Every structure is written in C-alpha cells, then in structure tokens.
Amino acid sequence: MSEALLEIKNINTLYGHSHILHDLSFRLDKGQSMSLMGRNGMGKTTTLKSILGIVPPRSGHVYFDGEDVGRLPTWKRMRRDIAYVPEGRGIFHNLTVKEHLQMAARPGSDGRGSWDYDRVLETFPRLQERLSNLGTELSGGEQQMLAIGRALVTNPRLMILDEATEGLAPLIRQDIWSVIAAIRESGISTLVVDKNIKALKKLCDRHVVLIKGKVHFDGSSEELDLNLENVERALSL
Amino acid sequence: MIFEKRTERIIVPMFFMVALFAPLFLESNSFFVGKVTTIIILSIFVMSLDFLVGRVGLITLGHALFYGMGGYLFVILSPEYEAVNFWVYTLYICSISALIALVTGAMILRTKGVYFLMITLALSQMMFYYFFDSLEYGGGDGMFIFVRPETSIFGLSFLDLDDPQHFYYLALFSLFNTLVFFKVVLRSRFGRVVEAAKQNPDRTEALGYNIFAFRLTCYVIGSALGAYAGFLFALQFGFVNPSFFTWEMSGMALVMSILGGSGTIYGAILGTFTYEGLQYFFEHLTKEWLLFMGSAIILMVILLRKGIAGYLEKLLEK
Amino acid sequence: MTTELFFVQLINGIQYGLLLFLIASGLTLVFGVMGILNLAHGSMYMVGAYLVWYFFGVTGSFTVSAVLSALIALALGILIERVLIQRLYNRNHLDQVLLTIGMIFVFNSLQSILFGNDPYGVAVPDALSGSIPFTDNSSYPIYRIFAALICVAIAGLLYYVVSHTRLGMLIRAGESNREMVEALGVNIKVLYTTVFALGVMLAAGSGIIASPMSSIVPGMGESVLITCFVVVVIGGLGSIKGAFVGALLVGLVSTFSAVLLPSISNMIIYISMILVLLVKPQGLCAK
Amino acid sequence: ALASSEIKIGVMQPLSGLYAGPGRSGLDGFLLALKGYANNSHQNSIDVITLDTEAKPARAPELATSLLIQHNADFIFGPAHSGVAMGMIKVLRGKDTVMVIPNAGAAAATGSLCAPNIFRTSFSSWQPSYPMGKVALDKGYKDVYLISWNYGMGRESLEAFEESFEAGGGNVVKKVLIPFPSTNFQPYISDIAAQDPDAVFVFFAGGGATKFVKDYDAMGLRGKIPLLGSGFLTEGTLEAQGEAAEGVLTTLHYAEQLDVPKNLEFRETFHAEYGHYPDIYAVQGYDAGQAIINTINLLNGDVSDKQAVIDTMEKLTINSPRGDFTFSRAHNPIQNIYLREVKDGVNVVKSLAAEALEDPARGCQL
Amino acid sequence: MINDIVLETEALSKHWGGIKAVDEVSLQFRDRLLHGVVGPNGAGKSTLLNMLCGTLKPTSGCVFHKGQRIDALKPWKFVQRGIGRSFQKTNIYPEMTCLENCAISAQRRFGGNFNLFVSRHSNKLVRKAAEQALAQVGLEDRTHAIAAEISYGEQRQLEIAMVLAIDPCILLLDEPMAGMGHDESLRIIELLKELKKTYCIVLVEHDMDAIFELSDQLTVLDNGRHLITSSVDEVRADPRVKDAYLGAEDEEEQTA
Ligand SMILES: Nc1ncnc2c1ncn2[C@@H]1O[C@H](COP(=O)(O)OP(=O)(O)OP(=O)(O)O)[C@@H](O)[C@H]1O
Ligand SMILES: Nc1ncnc2c1ncn2[C@@H]1O[C@H](COP(=O)(O)OP(=O)(O)OP(=O)(O)O)[C@@H](O)[C@H]1O
Ligand SMILES: [Mg+2]
Ligand SMILES: [Mg+2]
C-alpha cells in the first residue's frame with residue numbers, strides 16, 4: 001500500500017448547533033486523485049474547509065504527509081503545499097489578473113517551480129488578454145480560470161478544487177480536465193468536487209460519495225463502476 | 001405586535017413605565033427631570049440616526065446637520081419676543097428640514113459607503129462654519145431663545161413648556177411616538193424593501209425596486225426627526241450654538257447608537273442612557289473622567305458583540 | 001495678486017499639500033488600502049509629536065528623539081492591533097468607529113495627564129535651521145523644504161510598495177477577502193499587524209516631522225483627522241496616487257482661497273470634496 | 001441660611017479638550033485663593049463641586065442647571081470659553097447664584113447680556129487690544145495689517161485695536177479673519193510680506209499663537225515687520241515659541257514679571273503649591289477666588305441674601321497680582337493695561353499702556 | 001409571427017475601453033420559446049443579459065420590448081415591465097431566510113410598498129407566492145433557513161426561486177444550473193420545460209445537455225460577435241461552433 005498524502009480520521013464538524021460532518025474518514029494516497037461527490041448541501045465544501053482548517057472540526061484528525069496538521073492555522077497548512085480553488089472562486093475584486101498571479105506565485109516547499117506565471121497564461125490564453133483588468137471585470141468563466149491559475153502558481157502537491165469547472169465552456173472544461181490529468185501525471189494529487197461523474201470517473205483513482213455528512217461510498221473507479229447504480233441514486237435521489 | 005423580539009417586549013414597556021411615573025416622585029423642577037429630559041431628547045436624535053445607519057445602511061457622520069437645523073430654524077423663523085405655537089412650529093421645522101433633506105439627499109445619495117459618510121460630514125461642517133461665521137446669528141457664541149412657544153390646540157392648552165415636568169412628558173411622548181413610528185415603518189413592506197436594499201442593493205434594484213426613492217424617503221424621515229430632536233433641545237434650554245452642527249455631535253450620537261445596538265432602534269434609548277449615565281458617573285468621580293469613559297467604551301465594544309441590546313437579546317431570547 | 005505673490009502662494013500650497021499627504025499617508029494605508037476605519041489616526045499623529053517633544057527635552061537631539069519616538073509608535077501600533085483591532089475584523093465596520101473613538105478619549109486624557117495642557121514647540125534641528133531668501137522681505141526655511149522632500153519620498157515609496165510589490169498586493173487582497181489570502185498560505189494576521197503598525201508609525205512619523213513647524217497642543221490630532229479623511233476620500237479609497245493628488249488639491253485650494261475667498265475659506269475643502277464626489281462618486285482616482 | 005451653613009461653589013471649567021490648559025490653570029489659581037480662606041474667623045465650610053465643560057457650548061446649560069438646581073450653588077466659577085459662557089449665562093442670568101467668569105472675554109457677557117449676578121475677573125475682549133492702537137501710533141506705524149481667527153474674541157480684539165488706531169489717524173491696510181481654529185498661516189504670512197505694512201497686529205492664543213509666531217519667524221518676517229498683539233499671543237506660549245518670539249510687542253492686563261508686591265507673593269505661593277509658576281489664567285482664577293472669598297468674609301459667611309452678596313462684591317477692590325482693580329458698573333474689571341516686549345523669553349514690561357481702563361460695556365442696561 | 005417578438009435587440013454593443021464585450025448583436029426573442037445563448041467564456045453572454053435587463057447601458061444600439069425602446073430606462077423599470085433575471089454569481093440576501101428572500105421578490109407586484117399598512121390578505125398572497133417559488137425549485141424544506149447558511153448549490157436554487165417569485169413574462173437566466181447537483185439540474189430542466197409554455201425565456205448555460213434539450217432556438221456568441229442563431233441541430237452541426245465552443249462532442253468521453 002502506498003503512502004497516504006492526506007488522511008482524515010473521524011472528523012466531526014458543526015456550524016453552531018447543526019452537525020454537518022459525522023465521523024468522516026478517508027485517505028488520499030500520494031500522486032493519486034480523488035473525487036468527492038454528493039448532492040447539494042451534503043457537506044462536500046464543509047469537508048474541504050475542515051481539511052484546510054477554515055472551518056475547524058470539533059473533533060477528529062487531519063494528517064498531511066504523515067503529519068497531524070489538525071491544530072495548525074490555515075496558512076500553515078497551505079504552506080505544506082496545498083492549493084485551494086474555492087467554490088464561488090474567491091477572486092479579489094481590487095486586484096488585476098496579473099496581480100492575482102504575481103501575488104500567489106511561489107515555488108513548492110521542495111523548490112519545484114514548474115508552474116509559473118507564463119505557463120498559466122499559456123494554459124489560459126484568455127487571461128492573457130485580460131491582464132490589467134480587475135477581478136470584478138472578468139466574466140464568470142475567466143474568473144474561474146484565474147482561480148485555478150492562482151492555485152497552480154503555488155506549485156502545490158495537493159490541489160483541492162471545489163466545483164472548479166462551474167461556468168466554464170465545454171472546450172475550456174476539457175482543457176481543465178486535461179490540466180488536472182497532466183498535473184496528476186507530474187505527481188500532484190488532486191481532490192476534486194464536481195458533479196460530472198463521467199469525467200471524474202476517468203480522471204480520479206478514488207471516489208468518495210457523501211450523504212448528509214457521512215461517507216456513503218468510498219472506492220476505486222472499478223468499484224464505482226460496480227456500484228454505479230447505487231452511487232447514481234445517492235447523487236440524484 | 002410591532003415589537004418582534006422578546007427583549008423589546010420586555011425592555012421597552014419597562015422603560016416607559018418607569019419613565020412615566022418616575023417624575024411623580026421628584027420635585028417638578030428637580031435637576032434630574034431636566035437631565036433625563038435632555039437624555040430623552042438625545043435618544044430621539046440617536047434613534048433617528050440609528051434608523052438611517054443601522055437599518056437603511058446610510059452611514060452618515062453629518063446627522064448633526066439636522067440637529068442644529070432644528071434649533072436654528074426656530075431661531076430664524078420665530079419673532080424674537082413673541083410666543084409662537086409649538087405645534088405649528090414643529091410642523092414648520094420638520095417640513096423645512098425634510099425639504100432640505102430631500103434636496104440634499106437627491107444630490108448626495110448617489111455616493112455610497114465612506115463617500116456618503118464624508119459628504120454628509122462635509123455638509124454639516126459647512127453649516128457649522130456658516131453659523132459660526134454669521135454675525136446675525138451670534139457667531140460662535142450662539143443665540144438665545146427668549147420666549148418659549150405656547151402649545152394650545154384650537155385654543156386649548158394643556159402643556160406649559162416652562163414647566164420642566166410638562167416638558168419632560170412632551171419629550172417622553174415624542175420618544176414613544178418616534179419609536180413606534182420607526183417600528184411600524186420597518187415592519188411594513190416599505191421597511192422590508194429598505195432592509196433588502198441595505199443587504200444587497202444590486203439585487204434589490206434587479207427585483208424592480210427604485211432603491212433611490214426608498215433611501216431618499218428614509219433620509220427625509222430620519223432627518224426630519226433629527227431636526228425635531230434638535231428643536232426640542234434648543235427649546236429646553238432656550239439656547240442654540242453652532243456646536244450643535246459639529247461632527248463631534250454626530251460622532252457622539254453614532255457612538256451611542258452603536259453602543260446601544262446598531263439597527264435595533266430601541267437600542268438607541270439604551271445606548272444614550274448608558275453613555276450619558278456613565279459620563280455623569282465618571283464626571284462626578286474624577287477630573288480624568290475621559291480616560292475612564294474611553295476605557296469603558298473600548299471594553300464594551302470588545303465584550304458586547306452587538307451592543308447592549310445584542311447582549312440583552314442573548315440573555316433574554318429563549 | 002501679483003505674479004510673484006502667485007508663485008509664492010503656489011509654493012505654499014504645494015508645501016501644505018505635501019505636509020497633508022504626509023499626515024494622511026498612514027491613513028491611506030490603514031483606511032484606504034486595508035479598509036480599517038481608524039478614527040484614532042489623529043491621536044497617533046499627536047503621540048508622535050508629544051513623544052518627540054518629550055525626548056527632545058531629555059536627550060537634546062532631534063534625530064535621536066525622532067528615532068526613539070518612531071520605534072515607540074511602532075510598538076504601540078503592534079499592541080493596538082494585537083489587543084484591540086484584531087478582535088473586530090469579522091465584525092461590522094461600525095464597531096471600529098466605536099472602538100477608535102474610545103481610543104481617542106484615552107489618548108487625549110493620557111496626553112493631558114502625562115504631558116499637561118500647555119502648547120509646546122520643538123526647535124528646528126540645527127543642521128536644517130537656515131533659510132533661503134525668497135522675496136524682498138521673506139525667506140523660505142530649509143526645514144520645510146526638507147520636510148517636503150520627505151513627503152515626496154514617502155509618497156513614492158508607499159505608491160511603489162502598495163502598487164508594485166507582492167506585499168502591497170497581499171494587503172489589498174486582504175481587504176477584499178481575508179479568508180482567501182490565508183488560503184494562499186499567507187499569515188494574514190502577522191501581515192495585518194505589521195501593516196497597521198506601519199500605518200501608526202507613519203502617522204506618528206508625520207507628527208514628528210511636523211513638530212518643528214507646528215505647535216504641539218491638546219486636540220492637535222482631531223484637528224488634522226478630518227482634513228486627512230477629506231484628502232483620502234477625494235483621491236479615492238485604495239489609491240495612493242489619489243491621496244497624493246487629493247492632498248495637493250486640498251493644499252492648493254486652501255492656500256489660494258485663504259487669500260482670494262476668505263469668506264468661504266472655512267468651507268472650501270468641503271465644497272471641493274462635495275464637488276469632486278458629485279462628479280466622481282468614487283473619488284478622483286477611482287478605477 | 002444660618003451662619004454655620006455650608007457655602008457651595010460650583011466650578012465649570014474646561015478640564016479636557018482644547019481649552020484644558022487655561023481651564024485647569026484657572027482652577028488652580030481659584031483653589032489657591034480658597035485655601036487662604038481656611039484660616040478665617042467664621043466657620044462656614046466651603047464645598048466645591050467641579051464639572052468639566054470641555055469646550056462644548058451645547059452642554060453648558062445642562063451643567064449650569066445642575067449646579068443651580070441640583071447643588072444649589074451660591075457661586076459659580078467659570079468658564080474659559082466664550083460659547084460656553086453664553087450657554088451658562090442663558091441659565092444663570094437673573095438667578096440667585098452669582099457667576100464669576102475667570103477668562104471668557106466675550107463682550108456680551110458684560111455688555112448686552114450683563115446682569116447683576118454676573119461678574120468677570122479677567123477682561124473684556126476690548127480691553128487688552130484697545131490700548132495697542134495708540135501704542136502703534138506712538139511708534140510711528142501708519143499702515144497696519146490686522147489678522148486673527150474669525151470668532152468672537154478675534155473679531156472683537158481687532159475691532160478694539162481699529163477703534164483707537166483709526167481714531168488717531170492710523171490706516172488699516174487689510175483686516176483678515178481666518179477660519180477658527182485653522183493654523184495654516186503660511187498663505188497669510190506671504191500676503192503680509194507682499195503688502196509690506198509698517199506693522200502687524202494679531203490676536204491668537206494657545207497653540208495657534210505658538211504656530212503663528214513660529215511661522216512668522218520661519219518665513220523671515222521677524223525683524224522686518226514688527227509684530228504686535230493682544231497679550232495672549234505670548235502668554236504661556238513663550239517657551240514653545242522660543243527665539244521666534246523675541247521682540248514681539250503685546251498689551252495685556254498682566255505680565256509675569258510685573259513689579260507689584262502682590263504679584264511676587266502670589267507667584268511664590270503658587271509655585272510652592274503646584275511646583276510651577278502661574279500664568280495669566282491662574283491669576284484670573286485667583287482673583288475670581290478672591291472676589292468670592294472677600295465677599296463671603298465681608299458678609300461674615302452669610303450669603304443667603306443675594307442682593308447683599310451682589311452689592312458687596314460690586315464694591316470690592318481686589319488686591320490682584322496685576323495691581324488693584326475694581327468692578328465697573330457692568331461688573332468687568334477696571335484695570336491697568338501694560339505694554340510688554342519679549343526679551344530673552346520673558347515678557348518684559350515696557351510701560352503702562354493704559355491706566356484703569358474701563359470697558360465701554362456697550363448695550364449694558366445696568 | 002412578428003407579433004410574437006417580445007424582446008429585440010438592434011446592433012447592440014457594449015465596449016469596455018478597448019474590449020468589445022458585445023459587438024453589434026441583433027437578436028429577436030419570441031414569446032413562449034426558450035432561447036438558448038451559448039459561447040465561450042468571455043463571449044459577452046452575461047453582458048448581453050445585463051443590457052437586456054437594464055443593469056448595463058449599451059454603448060450603442062437599442063433594446064425593444066414589445067416594440068418600445070427601453071434601453072434608456074432605469075433597471076427597475078425593466079422589472080416592472082416583466083423582465084426578470086437571475087445572476088451568474090449568486091446574488092441573494094444573505095441574512096434573510098429563504099422565504100424572506102422570495103417574499104421581497106414577490107411583494108412588488110402586490111403593491112403597497114410605500115404604504116405602511118397593508119391588508120392581511122395581501123400579505124398572505126405574498127407569502128403564498130414566495131412559498132410557491134421555493135417549491136418550484138425544490139427548496140421547500142429550506143423555507144426558514146438563513147440564506148448564508150445553506151449550501152452553495154442550494155443558494156443557486158434560491159437564486160432561481162427569486163426570479164420566479166417576480167412572476168415575470170420574460171425570464172433571463174444566467175447559468176442557472178451552474179453549481180447545482182445532477183438531480184437539482186434535472187429538476188430545473190423540467191421546470192423550464194414547463195415554464196417555456198407560457199414565458200419567453202433566455203437561457204445562458206454551459207451545461208450542454210440542458211441547453212440542447214431545452215432550446216427552441218440557439219444563439220452562439222463568440223468574442224462579442226453574433227455567430228449563428230438557429231435550431232439546436234443546425235448549431236451543433238456548424239463547424240465554426242465546434243471550433244470555437246463545443247470542441248469534440250461528448251467531451252467527457254475524451255478526457256484522461
Ligand atoms: N466591468 C467590466 N470592465 C471591463 N471588462 C469587462 C467588464 N465586464 C465584463 N468585461 C469583459 O467583457 C467580456 C464579456 O464578459 P461576459 O461576462 O459578458 O462574458 P460571458 O459570456 O458571460 O462569459 P462566461 O461564460 O465566462 O460567464 C469579458 O471578456 C470580460 O472580461
Ligand atoms: N455558514 C454556515 N452556517 C450554517 N450552516 C451551513 C453553513 N454553510 C453550510 N451550512 C450547511 O451545511 C450543509 C453542508 O454544506 P456544504 O456547503 O458543505 O454542502 P455541499 O455539499 O458543498 O453542497 P453544494 O454542492 O451545494 O455546494 C448544508 O446543509 C448547509 O446548509
Ligand atoms: Mg459546496
Ligand atoms: Mg457570464
């Protein structure tokens with residue numbers, strides 16, 4: 001069995017009094033990519049935020065690369081080479097496209113610098129034309145590209161994407177999928193939340209399906225195929 | 001019931017009961033009757049500000065413009081040595097202030113946020129300087145009002161403004177009406193749109209509301225009531241001074257409203273009484289009362305999340 | 001107005017504008033860029049002036065006092081941010097108003113307790129005490145020229161840092177979305193503490209630099225506060241360039257109106273602000 | 001009341017804010033005068049209630065009411081600020097409490113609004129400036145530039161100067177009233193340099209005075225165009241002004257170095273008490289204290305008859321550090337005004353600019 | 001048929017500095033039809049919608065509603081004419097409950113907004129309309145939840161409920177399905193199918209399954225320019241569209 005990059009154990013997360021995640025556990029191995037699926041409001045985003053410490057879990061553990069990061073502030077976890085593309089994109093309204101990429105850019109903690117400003121612009125030529133536009137002046141899709149680009153220039157070992165293909169045109173969506181595939185090839189792990197089960201099945205090694213904050217399914221693509229009916233019901237019941 | 005929260009339903013009647021009967025146990029010209037009258041008048045002013053700032057989202061630092069306006073309009077409009085009718089002048093002063101608010105509001109409501117804050121500040125400062133420099137209105141030394149108005153309606157008079165107790169009840173009555181009026185406004189459909197426009201103006205416009213008209217209406221209402229408070233204050237001591245217009249005046253009122261619980265309306269009463277009470281207490285305690293006052297404010301803002309009203313709500317709701 | 005007097009007044013206006021920018025610079029950073037409404041900014045200006053006066057009395061050297069005062073201001077800034085401001089980031093802006101008004105009270109009364117209420121002055125440092133002949137019977141003090149140069153330097157530096165460095169971008173980003181900045185692996189708490197403290201140091205620094213040209217009196221903080229806000233708002237929030245333009249505009253307008261339109265020179269900066277905002281509701285240099 | 005009852009004195013001085021300096025200083029002087037009372041024959045105790053007016057006229061009526069009604073004060077000492085004085089007068093005028101003003105110089109207080117129960121131990125705005133007109137003429141200054149803040153005290157001071165200066169044939173080149181309390185003086189000083197008058201007359205006080213004198217010097221006008229002023233220009237500000245103040249001529253009803261026995265005694269007592277030397281505000285406060293105490297003493301502690309109190313106080317001769325003075329019919333001091341020049345950081349008395357000068361008290365019906 | 005045209009643009013353009021976000025686009029939107037608008041990111045779809053609903057003023061060109069020129073009107077006048085729109089970026093009242101969110105939308109058409117006292121009956125009507133809108137998008141069980149505290153997908157649903165509560169005749173929807181789960185999307189598709197029987201709907205969407213299934217007419221924009229307006233099948237077959245937008249069909253099959 002290969003080494004775990006990310007592992008969460010028995011996480012319980014609450015917003016005030018409402019208990020969202022119940023004893024959630026799963027693991028993601030190095031170099032693998034994993035999908036997180038579930039209907040609206042099942043706790044996918046909450047899971048990601050718990051991993052990052054944006055919404056600290058009430059109990060449970062988060063291990064990253066063997067280290068318990070559950071007590072660390074968000075920024076320290078991110079410094080361990082995690083990148084995050086939030087739902088709603090989290091674009092800064094008062095920064096230009098260029099500044100978004102410049103401010104985020106940094107080599108990975110082991111000095112990897114394969115993703116830089118130029119490479120992002122190559123990947124998203126659309127952004128090239130909008131370099132001096134402010135965040136608010138971008139179209140929805142352009143914002144999405146920027147959010148992904150901003151995550152890539154941090155040269156992460158783990159990319160966490162929350163609905164990253166939302167609002168993207170089919171062509172670009174394909175590009176994104178191939179980018180994700182490519183970064184997976186280069187050893188970067190990804191944790192993807194998306195609704196496109198077909199694409200995820202191709203792209204990811206493991207799949208986790210949530211229902212009401214509990215793991216309903218956790219398995220490889222093959223296992224997913226076997227349980228397809230069950231999973232699809234979970235996704236659309 | 002116009003009072004939606006339990007806390008209001010407890011605090012508000014309690015306050016008015018105490019306020020209603022307290023003077024009966026005091027001498028008619030007791031200092032405290034006068035002092036509390038002042039605070040009540042101030043509460044009206046703070047309440048009108050809280051309506052604008054906390055509920056409509058128009059953060060102004062120039063509300064004192066209308067406070068001063070209320071006083072000065074009276075001085076300007078009324079003959080110097082002749083008693084005029086209180087109700088008629090209330091009407092005059094409120095409508096002229098409303099008109100001024102309408103005209104200025106129509107111009108300045110284009111700006112938002114801090115820009116609005118600064119532009120209202122500028123207007124009030126300009127008025128301050130106007131009266132500070134104007135010789136005919138007493139300049140920086142202000143002016144006296146020599147005769148208090150009479151209060152007859154159709155020849156019947158049951159209020160004597162020279163009697164502090166009567167004046168007290170007039171102020172209390174005004175405060176009560178202001179509170180109820182704001183509550184009714186806010187609970188109505190009009191109020192809900194105003195609330196919506198505060199939370200998300202773009203969406204509200206996209207839902208088909210002319211938010212400019214809504215805001216302007218509120219600005220006019222709030223300003224007219226602010227002016228009414230200024231008018232009462234000028235009457236209480238028979239004295240107006242350009243310092244009514246200063247940003248410190250607006251700032252204090254803002255502090256009181258935030259302290260009481262921004263956006264709660266009834267919190268204005270809590271905030272004003274607390275602030276004035278603390279100041280009275282510290283002032284009689286030490287020459288360095290400002291240090292204590294400042295520290296108390298800092299402590300309260302750190303400890304109380306949503307002002308005093310917010311704290312009480314935490315205690316009393318469920 | 002003769003041409004000679006016109007040029008004299010032009011220089012006066014520019015110099016006053018630059019001084020205003022210097023005082024407003026910390027405010028631009030803290031309020032304009034970081035979005036923290038610090039009404040106690042004027043108090044920091046006052047703190048700087050009183051500290052330098054005090055240390056000047058003790059050490060007799062302006063430079064030493066200036067450095068000491070600036071360091072104390074920096075520490076004070078860190079303290080204030082850590083203990084007070086930090087608790088309010090996820091609250092309403094109005095709470096910041098309340099807090100900082102409380103701070104004004106505290107600082108004013110500490111000033112009175114610690115330093116008394118008489119006006120004080122600090123002598124111009126010897127090295128800069130000369131003046132150069134200007135017109136027939138007036139001359140221009142070197143210290144003011146020196147101060148003007150410092151203002152320009154600070155303006156340039158601030159502009160460069162905020163607009164063109166990663167640090168500046170991070171600060172601006174933090175104003176827009178703190179959570180996201182943290183999610184980029186930036187310790188936003190430390191970042192904001194640092195920048196706030198720098199803002200306080202700038203405010204105090206301007207009090208230090210202005211002290212030989214002004215009088216050190218109770219209430220000096222509040223008297224500059226409003227003008228600084230006017231400067232920042234005329235320029236447009238978040239724009240250093242704007243604040244600079246705003247400061248020069250206010251400086252020139254007040255100087256010329258003082259002589260040409262004395263009857264409204266009280267109101268002139270407010271009138272200019274209203275006019276600017278009616279035409280450009282987001283200030284002069286809004287994007 | 002009985003002779004053994006307590007006498008209440010209310011204090012309304014600015015203890016914080018812009019006017020805290022003069023306010024606290026006046027209070028110190030006042031309290032010093034009260035101390036002298038302790039070893040007096042009759043045994044009435046004196047109770048002092050102190051309230052801070054800040055510099056907020058809006059609060060003045062309320063505080064005055066508190067002293068009047070809540071505390072039943074027999075005397076009220078205060079304030080320093082003219083706007084506040086107006087608010088107090090509104091409440092106190094014609095009441096039984098006697099108000100003694102230790103600073104605020106507004107003409108109206110002992111002019112159009114004068115009242116039997118209102119006294120002032122300081123000055124009217126007219127008094128310190130009026131004699132300077134003649135001084136300027138004597139010095140041979142024909143064309144004078146006038147400048148002050150645009151507020152009551154400033155306007156009235158310039159008018160008083162103008163009155164005597166123009167009466168003697170002087171010419172006012174320009175009269176500038178600048179926004180209060182702006183201290184951006186540079187444009188005006190440049191204007192003065194361009195106008196090149198024989199002299200400049202100003203009224204400024206406190207921090208503004210410091211700044212003006214420093215700016216005047218910094219722009220190179222000192223020594224070229226003589227600077228004249230109402231005495232407040234160099235009161236309590238000399239240390240801050242430093243060298244810039246050298247040679248400034250002012251007129252005032254007091255000077256620290258005044259060679260009057262009472263002055264030397266007062267200065268030493270004050271210094272012993274507070275550790276620093278008194279300023280003009282302390283003197284005025286001290287005299288207000290004297291006025292009250294002497295009245296009480298003369299009445300043997302019985303202050304219940306207010307008419308008697310007023311009558312007694314009206315007739316007092318106050319043995320002041322500034323020289324003896326009496327009250328005019330409008331209850332303003334009839335006092336000497338001295339011409340002073342700053343030499344080595346001290347206001348040196350040059351001459352007596354006017355002897356026993358009485359304010360015209362225009363509009364007073366008393 | 002001409003009478004059926006309820007909304008029409010003529011050489012409509014919007015320029016941002018040098019960027020031509022929408023460039024001389026002339027389109028006709030008919031009643032009781034669903035008009036799909038697609039195009040690559042940044043093609044100008046949202047900008048077009050923003051002009052159709054008055055939030056943006058065109059740089060040049062005109063918008064007609066039932067033959068009347070309306071582009072100079074204030075945004076809120078558009079709604080009063082029955083033009084309602086949803087936003088691509090969720091745009092709700094975060095501190096209100098879902099019901100209140102919809103009530104605000106609904107109450108305008110019942111009047112009384114400047115009236116302090118309205119009848120109980122009228123209030124009931126508003127509430128009913130709001131509840132109905134929530135039910136239509138499947139948020140019944142979230143009626144009293146605070147909008148900021150529901151999940152992102154649910155907020156997207158609320159976004160649509162709010163437009164429905166306006167009860168417009170013309171619905172402008174900007175990526176309504178984005179961020180929504182599979183099941184929720186299906187539900188909205190069903191809903192739109194129902195609605196297009198009575199309304200004119202303009203739908204911007206990147207979800208091809210939805211757009212192909214729903215559209216009666218499909219417009220493709222590219223770089224602000226109008227590329228083609230035609231039936232779904234013709235558009236799908238157009239090589240230009242494939243190049244600029246669709247890429248290889250069945251994109252998902254091709255990845256990885
Ligand atoms: N306020 C603005 N200032 C400058 N450019 C803008 C502004 N708003 C939009 N744009 C530009 O106009 C173009 C069209 O934007 P629009 O939002 O209409 O695209 P869209 O077709 O909706 O794209 P998407 O599918 O990604 O949402 C984009 O390139 C965008 O960058
Ligand atoms: N700030 C919050 N306060 C209270 N409850 C919240 C908050 N944010 C989310 N919730 C609740 O937590 C549950 C899970 O939300 P979450 O955002 O994790 O869902 P999700 O699976 O990401 O859904 P979606 O696909 O719609 O984004 C939802 O029921 C939501 O109502
Ligand atoms: Mg989510
Ligand atoms: Mg779009």
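Buried means under 20% relative accessible area, exposed means over 50%, and partly exposed covers the range in between, with a 1.4 Å probe and protein chains only. This is a predicted model, in which local features need pLDDT of at least 70 and side-chain atom pairs count only at pLDDT 80 or more, while totals for chains, interfaces and linings use all residues. Side-chain values use heavy atoms, without hydrogens or water; residues are numbered from 1 along each chain as its sequence is written, chains are lettered from A, and ligands are numbered from 1 in the order in which they are written.

View 1. β6(D) spans residues 143–149, and six of its seven residues are buried. Helices (H or I, at least four residues) and strands (E, at least two) are DSSP runs, numbered from the N terminus. Two strands pair if DSSP finds at least two bridges between them. β6(D) pairs in parallel with β7(D), residues 171–178, over seven bridges. It also runs parallel to β8(D), residues 199–203, joined by five bridges. D:Ser148 faces D:Leu177 in β7(D). In β8(D), the bridge partner of D:Ser148 is D:Phe203.

**View 2. The crossover from β6(D) to β7(D).** β6(D), helix α5(D) (residues 152–167) and β7(D) form a right-handed β-α-β unit. Right-handed means that, with the strands pointing away from the viewer, the path from the first strand over the helix to the second runs clockwise.

**View 3. The magnesium ion, ligand 3.** Its protein donors are A:Thr45 (OG1) and A:Glu87 (OE), 1.9 to 2.3 Å from the ion. A:Thr45 sits in helix α1 (residues 44–52) of chain A, and A:Glu87 in the loop between β6 (82–85) and α3 (97–104) of that chain, 42 residues apart. Donors are N, O and S atoms within 2.8 Å of the metal (3.2 Å for Na, K and Ca); water is not among the atoms, so sites may look incomplete. A:Thr45 is buried, at 15% relative accessibility. A:Glu87 is partly exposed, at 21%.

**View 4. Ligand 1 between chains A and E.** Ligand 1 lies between these two chains. It is surrounded by 21 residues; the closest are A:Arg130, A:Gly141, E:Lys45, E:Ser46 and E:Thr47. A surrounding residue has a heavy atom within 4 Å. An oxygen atom of ligand 1 is 2.7 Å from a side-chain N or O atom of A:Ser139. A polar side-chain atom of E:Asn41 lies 2.8 Å from a ligand 1 oxygen atom. For E:Gly42, a backbone N or O atom lies 2.8 Å from an oxygen atom of ligand 1.

Technical notes: A polar contact is a pair of N or O atoms within 3.5 Å; within protein, one must be able to donate a hydrogen and the other to accept it, and residues adjacent in sequence count only if both atoms are side-chain atoms.
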